[in-house]
Amino acid sequence: MPASPSTARAINDRVALRLLQQEGPLTAGQLKQLTGLSRPTVADLVERLTVAGLIEVVGESGEQRRGPNARLYGIVADRAHLAALDVRTEGVSVVVCDLLGRELARASVPIADDTGTGPAVEQAVTLVERAAKEAGAERLHTVGVGAPGLIDPATGELRDSSGLPEWHRRLVAALQERLPARVIVENETNLAALAEQRDGAARDRDTFVLLWLGHGTGAAVVLDGRLRRGASGGTGEIGFLPVPGTSTLPSATDCEGGFHSLAGSAAIAELAAGHGLVATAVSPGEPEAAALVRQAVATLFSSPSPSSSPSPSASSGADRFLSALADRLAIGAASVVAVLDPGCVVLGGEVGQAGGEVLATRVGERLTRMSPLPVEVRASTLGGGAVLRGALLTARESAQDDLFAPRSR
């Protein structure tokens with residue numbers, strides 16, 4: 001059946017808004033060309049969207065003839081303000097943006113291990129409120145939250161997970177109570193994968209696995225363009241994967257003895273110490289493992305000048321450390337590859353980004369020897385920042401779906 005006039009108008013409006021989102025400001029003539037709609041139809045939809053407060057004139061094109069077609073129309077960026085949160089065990093980071101994703105404010109706060117649940121929640125919520133005020137946002141439309149642990153696929157709520165602070169679960173409820181906003185919670189590794197697919201190392205892949213390497217370990221699975229969460233939201237809990245090289249087995253309440261014991265930040269730091277490496281510079285909030293891996297890579301490629309080149313023993317130690325780390329990472333990656341055949345593994349998180357192509361190449365070489373399945377290993381281009389980026393993309397998509405939805409007349 002042909003669409004009714006109101007349905008056709010709603011479809012046309014949504015197409016135009018998506019084009020303005022993707023391409024930036026456009027003239028009515030350009031909208032006509034890109035949509036294939038008639039000039040009167042484009043004129044009508046421009047008027048509707050302007051009256052609805054979704055688009056506005058943002059300038060003029062360089063055309064010689066002045067008139068309606070020369071006006072540049074763009075989405076009203078401050079129609080909605082969004083916040084993205086990266087919730088870690090040691091603190092919270094937040095970024096506030098407009099509807100187009102332009103950053104307006106950014107802040108973070110450390111939260112000590114001995115901070116009580118109530119004070120920790122208050123610190124985090126206050127951080128969001130202050131950032132929103134700094135951004136000039138009277139209210140937030142949508143808040144995207146990336147957190148470690150399991151997200152119930154049926155309710156979207158953060159489940160109680162052993163080893164994680166109680167304030168994590170309380171934070172989500174507090175945000176919903178204090179902010180007049182929609183709050184969306186997603187596992188941090190899943191958000192990182194979405195960001196890497198949209199803006200990072202997996203832009204050309206609709207099937208891949210992100211191996212998260214930060215303070216802890218995790219994995220995110222994207223198959224045929226869709227993020228896969230599993231029956232209980234636990235897809236990618238690779239830290240619990242039993243692996244050779246550990247002294248025990250993981251349990252239902254403790255990943256000690258699993259892949260986490262080989263590839264978590266503490267395990268990598270211990271491995272580095274065994275090869276004579278000590279981190280000399282660790283950025284605030286950065287896993288020590290990332291600093292060690294970055295330092296090892298830099299040691300291998302330092303300037304050959306006599307005054308700055310590392311000693312042969314230092315270079316050798318860095319090389320052995322990176323090779324040993326690649327051995328460990330390949331064990332976990334090979335298990336995922338054997339089950340899912342993703343064709344691409346992205347080494348994500350701060351450690352994956354720090355290792356760059358050097359570490360990715362070494363892991364790839366080992367996977368080639370261990371698995372008959374072809375797989376490309378890539379280094380993250382977004383690192384730890386992928387969680388915030390993924391949370392923002394999720395919040396923006398949700399807000400646009402709401403604001404761009406057809407309204408009943």
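Q: What percentage of the contacts in the chain with a separation of 6 or more comes from residues 24 or more positions apart?
A: Let's start with the whole chain, remembering that this is a predicted model. Here a contact means heavy atoms within 4.5 Å. Among contacts with a separation of 6 or more, the share from residues 24 or more positions apart is 63%.

Q: What percentage of the residues in the chain is buried?
A: The chain has twelve helices and twelve strands. A residue counts as buried when its relative accessible area is under 20%. Of the 409 residues in the chain, the buried part is 50%.

Q: Which residues of helix 8 are buried?
A: Helix 8 covers residues 265–274. Just after this helix comes Gly276, with a positive phi of about 80 degrees. Within helix 8, the buried residues are Ser265, Ala267, Ile268, Ala269, Leu271 and Ala272.

Q: Is Asp224 buried or exposed?
A: Look in the loop between strand 9 (217–223) and strand 10 (226–228) to find Asp224. Although Asp224 is not a glycine, its phi is positive, at about 55 degrees. The cut-off for exposed is over 50% relative accessible area. Because its relative accessibility is 61%, Asp224 counts as exposed.

Q: Where is Asp341, and what is its relative accessible area?
A: Asp341 is another residue to look at, with a positive phi near 50 degrees in a residue other than glycine. Its place is the loop between helix 10 (312–340) and strand 11 (344–348). Asp341 is partly exposed, and its relative accessible area is 41%.

Definitions and conventions
Residues are numbered from 1 along each chain as its sequence is written. This is a predicted model: local features need pLDDT of at least 70, side-chain atom pairs count only at pLDDT 80 or more; totals for chains, interfaces and linings use all residues. Side-chain values use heavy atoms; hydrogens and water are left out. Buried means under 20% relative accessible area, exposed over 50%, partly exposed in between (1.4 Å probe, protein chains only). Helices (H or I, at least four residues) and strands (E, at least two) are DSSP runs, numbered from the N terminus.
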